[in-house]
Amino acid sequence: MRRVISIITIFAFCLSVYSQSSASKQNTKAGAVSTAKKTVVKTSAKQVASSQKTIKTNVKKATKAAEKKADTNVETAVSNVVSAAGVYNCGYLCNPPLPYLPAKLDILFIGNSFAIDTSTALPEILNCLGMSNVNVYVLYKGGCSMKEHYNYYKSGEKVYELYQYNIRGETKLETATSINNVMSRFPYDVVIFQQYSLESGDYTTYEPYLSKIIQAYNINKISPRTTFAFNMTWAYSSKHKNITKYKTPLNMYKKICESVKRMKAASGIDVIIPGGTAVQNARSIGSLITDNEFTRDNQHIDYYMGRYLLACTFFESIIAPCTGRNLRDDYTIYGKNGTSNQVNNSNRRTLQNCARLAVANNFEVSEFIDE
């Protein structure tokens, strides 16, 4: 009997141990499952959060892109409307229009030898048309760039000569003067700028000097209003020693056009004297061909046909719009008799056409030159 009881007791004890072991295993398994579930939940939560963040980022990017596209479309639409209306960006200044029918027209040319070349034949035209109310003052220093004009203004150095061109011809007013002094000398209606010829096809040489010279003029001027203009210089001949900077005269001309276009957009100076295009027009006409491509030294303009051409371009760009006078009324004979580059009845109208067409289209050689 005792043996039976012992066996039963042992069996009960084993059963108890087994039950506890099974329960422990189930608890461990349950714990593992619970931990796994928590891990999955946490991972899923992180993935969801990451996905939401990605979605938000993508939505934000898409929104910005859509807004930018919308802004661009609006700007384009506005630009198209403005262009259609004939109104353009005025750059850092709003250039007033040229004066119309003034009692007297005073023009200041801040330049160098190319400014002299552009102005020298002008008295011939003024004299032929009987225009005694026009005065052009040329502030001259050979080879002077806009950067140098700016530096000479800051220093106040008297390194310039001052010339006057009117119906009476050319007069030297000063042999040593400063740009500061000349800016406040007369109440100029028009002030003309230009770049040094070798740098004229490189826009990086224009600023910030042009804008600074304009600021300097505005604090010195005695005129109540001034229109600003820009003289676009011409390309060197193919024989010039420095033409390699631009490779060819045609490429130099194109670079000058590009630079002046950028200057016009950035500054708002919308009055251009397109001497460079007038010269290119003349170079394309067989009957006007000269030995050095309208230059006297492969750089400066030819003394007679070239200077008359530039004077015509100056007249058409500035003086004719102000005074209402017609270049067609000019019958100047300019230059020595018997010379191949004299301006006379055989070539005068053609040279006038080259100038007029350049003023009509500042940056392109015209297809109508021979008409």
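**Close-up views of a predicted model**

View 1. Phe294 counts as buried because its relative accessibility is 1%, where buried means under 20% relative accessible area, exposed means over 50% and partly exposed lies in between, with a 1.4 Å probe and protein chains only. This is a predicted model, in which local features need pLDDT of at least 70 and side-chain atom pairs count only at pLDDT 80 or more, while totals for chains, interfaces and linings use all residues. Residues are numbered from 1 along each chain as its sequence is written, and side-chain values use heavy atoms, with hydrogens and water left out. Phe294 is found in the loop between α8 and α9, and its phi is near 70°, a positive value in a residue other than glycine. Helices (H or I, at least four residues) and strands (E, at least two) are DSSP runs, numbered from the N terminus. Glu293 belongs to the loop between α8 (275-283) and α9 (305-323), and with a relative accessible area of 23% Glu293 is partly exposed. Once its neighbours within four places in sequence are left aside, Glu293 is in contact with Ser237, Ser238, Pro249 and Arg283, contact meaning heavy atoms within 4.5 Å. Glu293 and Pro249 are 44 residues apart along the chain, and their C-alpha atoms are separated by 9.8 Å.

View 2. The peptide bond from Glu207 to Pro208 is cis, with omega near 10°, and Pro208 is found in the loop between β5 and α6. Helix α6 (residues 209-220) has twelve residues and reaches 17 Å from its first C-alpha to its last, close to the 16 Å expected at 1.5 Å a residue; the expected span is 1.5 Å times one less than the number of residues. The buried residues of α6 are Tyr209, Leu210, Ser211, Ile213, Ile214, Ala216 and Tyr217. Their cover includes α4 (146-155), α5 (179-183), β5 (190-193), β6 (227-231) and α7 (249-267).

**View 3. Helix α7 and the residues at either side.** In the loop between β6 and α7, Lys247 has a positive phi of about 80° although it is not a glycine, and Lys247 counts as exposed because its relative accessibility is 70%. Helix α7 has 19 residues and reaches 26 Å from its first C-alpha to its last, close to the 27 Å expected at 1.5 Å a residue. Its buried residues are Pro249, Met252, Tyr253, Ile256, Cys257, Ser259, Val260, Met263 and Ser267, and what covers them includes α6, β6, β7 (271-273) and α8. Just after α7, Gly268 takes a positive phi of about 90°.

**View 4. The second largest pocket.** This pocket has a volume of about 210 Å³ and is lined by 14 residues, of which Thr290, Asp291, Asp302, Ser340 and Asn341 lie nearest its centre. On a 1 Å grid over the protein atoms alone, a pocket is an open set of points where a 1.4 Å probe fits, with protein on both sides within 12 Å along at least five of seven lines, and lining residues have an atom within 4 Å of a point. Grid points are joined across faces, edges and corners, and the volume is the space filled by probe spheres set on the points. By class, the lining has four nonpolar, seven polar and three charged residues, where Ala, Val, Leu, Ile, Met, Phe, Trp, Tyr, Cys and Pro count as nonpolar, Asp, Glu, Lys and Arg as charged, and the others, Gly among them, as polar.
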